Amino acid sequence: MHAHTHPSRFSITSAIFDVLDPIPFGFFVGALIFDILYANTFTMLWVKAAAWLISIGLVFAIIPQLINLGRTWFGKSRVRTRGLAINFWLQVVAIVAALFNAFVHSRDAYATMPAGVWLSIVTVLAMVIGRIVLAADTVTYKEVRHGQA
């Protein structure tokens with residue numbers, strides 16, 4: 001018995017996507033934590049560190065989303081599911097919110113609040129909801145009766 005596997009045209013891009021995609025989430029969660037710390041302590045270090053995390057997160061968020069754009073909308077052999085499209089648009093919302101958040105964090109430290117916290121929350125929530133939708137889209141349920149394997 002032979003199992004025939006067909007390599008995907010997108011194997012290299014899929015590998016790059018899988019490596020780079022989780023990185024921005026960590027930076028944006030860190031920025032949210034630092035924004036909350038700044039809102040509670042008013043220590044300028046936290047808001048400046050959040051600005052750096054948002055900027056670096058944006059750099060790492062653009063490349064995977066460009067790959068995701070090609071995979072979601074222009075892939076010829078891929079079937080675009082509803083969850084894949086919703087995840088794509090939620091990631092775009094997260095990037096746009098993070099871009100506005102970077103502009104907010106370029107201001108004086110006292111001027112970043114409360115907009116900085118809210119934009120960080122929107123960014124992280126959009127990414128989390130996108131991941132949940134994508135995970136729910138890939139789950140398949142198989143009915144198994146007793147006595148069958």
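Tutor: Let us begin with a definition: a residue is buried when its relative accessible area is under 20%, exposed when it is over 50%, and partly exposed in between (1.4 Å probe, protein chains only). At 2% relative accessibility, Pro24 therefore counts as buried. The model is predicted, so local features need pLDDT of at least 70 and side-chain atom pairs count only at pLDDT 80 or more, whereas totals for chains, interfaces and linings use all residues. Residues are numbered from 1 along each chain as its sequence is written, and side-chain values use heavy atoms, with hydrogens and water left out.

Student: How many helices and strands are there in the chain?

Tutor: Helices (H or I, at least four residues) and strands (E, at least two) are DSSP runs, numbered from the N terminus. The chain has five helices and zero strands. Of its 149 residues, 36% count as buried.

Student: Where is Pro24 found, and which residues is Pro24 in contact with?

Tutor: Pro24 belongs to helix α2, residues 22–41. Contact means heavy atoms within 4.5 Å. Leaving aside neighbours within four places in sequence, Pro24 is in contact with Gly57, Phe60, Ala61 and Met127.

Student: Which residues of α2 are buried, and what covers them?

Tutor: Buried in α2 are Pro24, Phe28, Gly30, Ala31, Leu32, Asp35 and Tyr38. Their cover includes α1 (11–20), α3, α4 and α5 (115–138).

Student: How does one describe two packed helices?

Tutor: They are described by the angle between their axes and the distance between the axes. Axes are lines fitted to C-alpha atoms, for helices over the stretch in contact, and angles run from 0 to 180 degrees between N-to-C directions. Helix α3 (residues 44–73) and helix α4 (residues 82–105) pack at about 150°, with axes 9 Å apart. Angles under 35 degrees count as roughly parallel, over 145 as roughly antiparallel, 65 to 115 as roughly perpendicular and the rest as oblique. Helices α3 and α4 are therefore roughly antiparallel to each other.
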